[in-house]
Every structure is written in structure tokens, then in C-alpha cells.
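Work through the exercises below with the sequence and the model side by side. Try each task before reading its solution.

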Amino acid sequence: MSKAILKTPEILTEIWQPIGWQDFQQLENQPEYEKARFYYDHGYMKIEMSPLGINHSRDNSVVARLISLFATLKNIPVVEFTNVTLRKTPIQESQPDSAFYLGEISNPPPRSNEPIDLNQYTPPTLVIEIASTTLSDDLGEKRLLYERLGIGEYWVINTNNANVTAFKMIDGGSREIRVSQVLPPLQISVVEEALERSRTSDDGEVNRWLIQLFS
């Protein structure tokens with residue numbers, strides 16, 4: 001895993017750096033990082049402090065609504081989590097933009113105010129990261145992290161061009177796909193078109209187009 005190794009104990013943001021699990025947990029609970037997003041993978045962490053802009057928020061809501069509509073109209077059970085923490089103590093943690101449980105899940109997490117404990121409960125079926133300034137990391141280190149967490153499918157949304165890169169996680173690795181394997185037969189090109197339409201149309205227009213398409 002190629003991550004930047006700091007030569008000083010200074011805590012930086014927007015970069016992977018070495019830290020022990022206990023120190024990571026303590027840092028995560030500090031008030032100055034209340035609005036930060038934390039990622040951890042086998043002794044390395046990344047703290048993201050960049051403010052989430054309009055493009056990020058808009059694309060996140062469009063994609064989440066599309067998934068909910070598709071699953072509803074296709075009679076696929078769906079449970080969505082926004083900005084949830086996925087934790088596998090003491091080796092991994094992530095805070096994706098969205099996570100979904102799709103279909104019949106044998107051991108889903110119960111409602112609580114705690115992170116989803118992946119040592120106890122089934123990992124999400126689908127995880128989504130919205131990339132505005134973090135695209136290379138979302139496609140690289142975070143993709144490896146989600147492979148190791150046992151996620152079923154992983155999407156990266158590029159807010160700069162409405163591009164969606166989707167991966168099926170399998171056998172500890174991943175391969176790029178253009179048709180979702182967890183929401184069959186949803187084509188990734190449909191997600192991209194919905195994002196493109198949202199640039200010039202309101203939510204009602206996009207929703208009506210999606211409902212007609214999915215019906």
C-alpha cells in the first residue's frame with residue numbers, strides 16, 4: 001500500500017499517515033475534528049476536512065434518490081445510510097457518503113447511535129463516494145479499503161463531469177462494471193444521465209424521467 005509516511009508527529013489532513021488504532025480513536029473524538037471524515041486501514045489514517053460544496057451535495061442526493069426509486073419499483077428491499085461510520089476494530093474504518101443494504105440481508109445492523117460494527121454485522125451491499133477533490137484516492141486507496149471491508153459494490157461519482165466508476169468487489173479484489181450487480185439490471189450509464197439531467201432540471205423532472213424509465 002503506497003501511502004505518504006510523515007517524518008514528524010504533526011497531524012495533517014487530506015493525506016494518509018501512520019497512526020495506531022487507539023490514537024486514531026482518540027483523535028477522532030476531538031472536538032476540532034467534529035465535522036471531519038475519517039478513514040483508517042491497517043495502521044494508516046486519512047482525515048478529510050474539505051467543506052462539502054453544492055456539487056457534492058447535489059450529486060449525492062440525486063444518486064441516493066435514484067437508487068431508492070429503482071429498488072422500490074423493482075421490489076428490492078433497500079435501507080440507506082448517509083454519512084455512516086463503518087468500523088472493523090482494530091484495523092479499518094470508513095465514513096462513506098452513502099451506504100445501502102439491498103435485498104435480503106442475513107445479519108443487518110440494528111438501529112443505534114453507534115457506528116456499524118463490521119465484526120458483528122453484514123457489510124453494506126453498496127457504498128458510494130462523491131468525489132470532488134478526492135477522485136484519485138477514491139479510486140485508489142479507498143477502493144482497496146472497501147475491498148477489505150467486504151463491500152459488495154462500490155461507486156465513485158465524479159462531480160466534475162457526472163462520470164460514475166463502479167466496481168464489483170469479488171475474492172478480495174474488484175473489477176469495473178457498467179451494469180450494477182446488486183441492482184440488476186441498472187446500467188451505470190443511466191446513473192450518469194440522471195446526474196447530467198440534474199445539471200439543468202429540478203428534482204421533480206429528474207424523478208418523473210426515472211420513474212417512467214424504471215417502470
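**Exercise 1. Find which residues Asn60 is in contact with, leaving aside its neighbours within four places in sequence.**

Solution. Step 1: search around Asn60 for contacts, that is, heavy atoms within 4.5 Å.

Step 1: look at Ser98. Its side chain makes a polar contact with the side chain of Asn60, at 3.0 Å. A polar contact is a pair of N or O atoms within 3.5 Å; within protein, one must be able to donate a hydrogen and the other to accept it, and residues adjacent in sequence count only if both atoms are side-chain atoms.

Step 2: Asn60 is buried, because its relative accessible area is 13% and buried means under 20% (exposed is over 50%, partly exposed in between; 1.4 Å probe, protein chains only).

A note on the source: this is a predicted model, where local features need pLDDT of at least 70 and side-chain atom pairs count only at pLDDT 80 or more, while totals for chains, interfaces and linings use all residues. Residues are numbered from 1 along each chain as its sequence is written, and side-chain values use heavy atoms, with hydrogens and water left out.

**Exercise 2. Describe the helix that holds Asn60.**

Solution. Step 1: locate it. Asn60 lies in helix 2, residues 54–73. Helices (H or I, at least four residues) and strands (E, at least two) are DSSP runs, numbered from the N terminus.

Step 1: take its span. Helix 2 has 20 residues and reaches 28 Å from first C-alpha to last, close to the expected 28 Å. The expected span is 1.5 Å times one less than the number of residues.

Step 2: list buried positions. Among them are His56, Asp59, Val63, Ile67 and Phe70.

Step 3: look past the end. Asn75 follows helix 2 and has a positive phi, near 60°.

**Exercise 3. Which residues touch the most other members of the largest nonpolar core?**

Solution. Step 1: define the core. A nonpolar core is a set of buried Ala, Val, Leu, Ile, Met, Phe, Trp, Tyr and Cys residues joined through side-chain atoms within 4.5 Å.

Step 1: name the residues. The largest core has 32 residues, and Ile67, Leu126, Ile128, Trp155, Leu183, Leu186 and Leu210 touch the most other members.

Step 2: find the main supplier. Helix 2 gives the most to this core, with eight residues.

Step 3: note the other core. A second, separate one of 18 residues includes Ala99, Tyr146, Leu149 and Ile151.
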